Amino acid sequence: MAFYAFYAVAIVILILHFTGWLKRHGMEWLILALAVGTFPAVIFLK
């Protein structure tokens, strides 16, 4: 269940990134956090 929740959050972050919302609010660091969190999520949550 946590695996699917991670991917749902990842999709939302990517949509916000491509619409420019993250840049306007100074939250571009979420893209880096998503990139760092992807590998452990795939290994440990699946």
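This briefing describes the fold, the surface and the aromatic contacts of the structure above.

The model is predicted, so local features need pLDDT of at least 70 and side-chain atom pairs count only at pLDDT 80 or more, while totals for chains, interfaces and linings use all residues. Residues are numbered from 1 along each chain as its sequence is written, and side-chain values use heavy atoms, with hydrogens and water left out. The protein holds three helices and zero strands, where helices (H or I, at least four residues) and strands (E, at least two) are DSSP runs numbered from the N terminus.

**Overall fold and surface**

- Along the sequence, the pattern reads α-α-α.
- The C-alpha trace spans about 35 × 15 × 10 Å along the principal axes of the protein.
- Of the 46 residues, 20% count as buried; buried means under 20% relative accessible area, exposed over 50%, and partly exposed in between (1.4 Å probe, protein chains only).
- The accessible surface of the protein is about 3700 Å², and 79% of this area belongs to carbon and sulfur atoms; accessible areas come from the Shrake-Rupley method with a 1.4 Å probe, and for residues only the protein chains shown count as cover.

**Nonpolar surface patch**

- Tyr7, Phe39, Val42, Ile43, Phe44 and Leu45 make up a nonpolar patch on the surface, with about 630 Å² of accessible area together.
- Patches consist of residues with over 30% relative accessible area and no salt bridge; like charges are joined within 9 Å and nonpolar side chains (Val, Leu, Ile, Met, Phe, Trp, Tyr) within 5 Å.
- A salt bridge is a side-chain nitrogen of Lys or Arg within 4 Å of a carboxyl oxygen of Asp or Glu.
- Helix H3 (residues 29-45) supplies the largest share of the patch, five residues.
- Isoleucine 43 lies in helix H3 and is partly exposed, its relative accessible area being 48%.

**Aromatic contacts**

- Rings of Phe, Tyr and Trp (its six-membered ring) pair if their centres lie within 6.5 Å; planes under 30 degrees apart count as stacked, over 60 as edge-to-face and the rest as tilted.
- By this rule, the count comes to three aromatic pairs.
- The rings of phenylalanine 3 and tyrosine 7 have centres 4.9 Å apart and planes at 65°, so this pair is edge-to-face.
- Both phenylalanine 3 and tyrosine 7 lie in helix H1 (residues 2-19), four residues apart, about one turn of the helix.
- Phenylalanine 3 counts as buried at 12% relative accessibility, whereas tyrosine 7 is partly exposed at 35%.
- Phenylalanine 6 and tyrosine 7 also form an edge-to-face pair, with 5.8 Å centre to centre and 90° between the planes.
- Phe3, Tyr4, Phe6 and Tyr7 together form one aromatic cluster.
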